[in-house]
Amino acid sequence: MRPKTEASYRAAEMLDAWADHVDSLLDTQWDLMGGGHQWVPHPESTLEFVRARLRRKYGPLGSWDGSEAESAGRLATLMLAVSGQHLEGISVLLRSRHVVFPLAPLARSIVESAGRTFWLIDPRLTESRDLAARVWMMRLDNATRQVTTAKGWMGGNENTLEGLVETKKRIRQVEIPKRFYPSEVENDDGVITIRGQHIPGLSGGLKHVAAGMGVEDWYTPMYAFLSDATHPTPYAALETLQPAGNSREDLLHKFGSADMRREYMIYQAAIHAYQQSWWVTTSYFGLDTAPVVRACDKVNLLPRPE
């Protein structure tokens, strides 16, 4: 029979408590959204402030309509919703004790989404034109990835692929030049950059989270840890390999954790990232952050490895 991850009574109690916290977070977030604000921005929100500022901006074809302010918010809520689905998976893994390797890919996805959210609606951003540039960089990246992926899967469906290519071309050749002056757009051998804005990867995104929260940057070292645990890099696998016993079966690969410290580092990083994304998105929409803070602060009462 294939081996399962074993957990001591204390470790099991800790994993269940964190899974309960995940359920509480997701239930509260859904109740506040579905039964309350439904992500409708407050009239005095940052979103509306940015929208008003963008409407005073101009491009080669005239004044802007400020729509990028809401687009940024909608992208943030979409990434939060997807992270919530990943968090659902983490909750299941915590309860089932499958926590040695499966946690890392889900956690990395949540943390990377958090970094992208903080980059997109960065509380420190003072130039609304840069926010618009980030929205269009996201749109261009999305269209580019869709074309690249479709080329591999839709080789025989030329009509579908042609439509995706046309969308990408329209963004590059019509939408961006219509809004941004040539001096704001850099074309480096086909790679377009608007106002010097670059979509951050995992490492860069984590810096945005730390800066946006105004906290010490303990996130950046997490980049290497999550990357190594996700791939996995050999040392990350070897660290979880259980000592061999006397039987022939014990000489085969068995993985586990003696104290759950490594696993704790992974799942708590994901949960904190989700909480911070929830808070910054709620703040951007000008909604009441008090219930968010109350729900998130319960994390401080949860058991941790000794």
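This is a predicted model: local features need pLDDT of at least 70, side-chain atom pairs count only at pLDDT 80 or more; totals for chains, interfaces and linings use all residues.
Trainee: How do you know that the end-to-end span of helix α1 agrees with its number of residues?

Mentor: Helix α1 covers residues 9-37, which is 29 residues, and at 1.5 Å a residue these should span 42 Å, the expected span being 1.5 Å times one less than the number of residues. The end C-alpha atoms of α1 are 41 Å apart, so the two values agree.

Trainee: Why is F255 called partly exposed?

Mentor: Its relative accessibility is 32%, and because buried means under 20% and exposed means over 50%, with partly exposed in between, F255 counts as partly exposed. As for its place in the chain, F255 is found in the loop between α9 (234-238) and α10 (261-284).

Trainee: What makes the nonpolar surface patch to which F255 belongs?

Mentor: The patch is made by L238, L241 and F255, and has an area of about 260 Å². Patch residues need over 30% relative accessible area, and F255, at 32%, therefore passes that cut-off.

Trainee: How much of the protein counts as buried, and how much of its accessible surface belongs to carbon and sulfur atoms?

Mentor: Of the 306 residues, 44% count as buried, while carbon and sulfur atoms hold 53% of an accessible surface that comes to about 16000 Å².

Trainee: What does the secondary structure come to?

Mentor: It comes to eleven helices and four strands, and the C-alpha trace of the protein spans about 75 × 50 × 35 Å along its principal axes.

How values were computed:
Residues are numbered from 1 along each chain as its sequence is written. Side-chain values use heavy atoms; hydrogens and water are left out. Patches are made of residues with over 30% relative accessible area and no salt bridge: like charges are joined within 9 Å, nonpolar side chains (Val, Leu, Ile, Met, Phe, Trp, Tyr) within 5 Å. Accessible areas come from the Shrake-Rupley method with a 1.4 Å probe; for residues, only the protein chains shown count as cover. A salt bridge is a side-chain nitrogen of Lys or Arg within 4 Å of a carboxyl oxygen of Asp or Glu. Helices (H or I, at least four residues) and strands (E, at least two) are DSSP runs, numbered from the N terminus. Buried means under 20% relative accessible area, exposed over 50%, partly exposed in between (1.4 Å probe, protein chains only).
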